[in-house]
Amino acid sequence: ANEMGTPQLRELERLVEDLHAEDAPTTLISYSRRVSSRGTPIFISGANVTERIGWRSGRVKQHVRWQRRVLTNLRKAPCFHVAVVEGVALGWGTEYLLTADYRIACDRATFALPETGLGILPGAGGTSELISHVGVAHTLRLGMTGERIDADEAHRIGLVEVRAPTVDAGLERANALAAMVARRSPTALSAFKLAVHQ
């Protein structure tokens, strides 16, 4: 179900290391064509919380800190990161979205922070990073109600920059942006992104 557990986080950490290398690509495009058995498209359905059964609180804290570190390093990667969201982006999926520099929501995209309903917090960016994108009121709304919002509402509140009808249309826009980025100096791109984030 495109859940993020320990094996997936290790792979993501390796990818992020590669994105910080000297010969790294200038653009990263994140998307998924995964569909559930019921036909629901899935971007990232959340963290794999079932793997944490039996973990002591110290191990959970260590794991959440690792998640934050990986996502922070992805956010700082010296490339242009475009996310094309088709389907559910729940919890960790919405938090992963915050690492992108440009976000495209397709018609069937939905977003939510359901963690407080499970008695936990969205610890990979939902409590700290989301505010800079949608403001305090919408961050509190999403985190405290668990409300699931559609692509139009995500666009209206500033969670995503643009809408696309399908994942293919979203990828067409993402690839057009990547082609423009590819014509720029990688050194200048890296410096520009660093300056913006500082």
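**Second pocket.** I started with the second largest pocket, which is lined by 20 residues, with Phe80, Asp101, Lys193, Val196 and His197 lying nearest its centre. For the record, this is a predicted model, where local features need pLDDT of at least 70, side-chain atom pairs count only at pLDDT 80 or more, and totals for chains, interfaces and linings use all residues. Residues are numbered from 1 along each chain as its sequence is written, and side-chain values use heavy atoms, with hydrogens and water left out.

I noted how a pocket is found: on a 1 Å grid over the protein atoms alone, it is an open set of points where a 1.4 Å probe fits, with protein on both sides within 12 Å along at least five of seven lines, and lining residues have an atom within 4 Å of a point. The volume here is about 390 Å³, meaning the space filled by probe spheres set on the points, which are joined across faces, edges and corners.

Which helix gives the most to this lining? I found H7, with six residues. Helix H4 (130-145) and H7 each supply at least two; helices are DSSP runs of H or I with at least four residues, strands are E runs of at least two, and both are numbered from the N terminus.

**Largest pocket.** Next I looked up the largest pocket, at about 510 Å³. It has 24 lining residues, and Val49, Arg52, Glu115, Ile120 and Leu121 are the closest to its centre. E4, H2 and H3 each give two or more residues to that lining, and H2 has the largest share, six.

I listed its buried residues (under 20% relative accessible area, 1.4 Å probe, protein chains only): His63, Val64, Trp66, Gln67, Val70, Leu71, Leu74 and Arg75. An α-helix has 3.6 residues a turn, so residues three or four places apart point the same way. Among the elements covering the buried residues of H2 (heavy atoms within 4.5 Å) are helix H1 (6-19), strand E5 (80-85) and helix H7 (186-197).

**Cysteines.** Last, I checked for disulfides (cysteine sulfur atoms within 2.5 Å), and the whole structure has zero.

Technical notes: Buried < 20%, exposed > 50% of the residue type's maximum accessible area, 1.4 Å probe, protein only.
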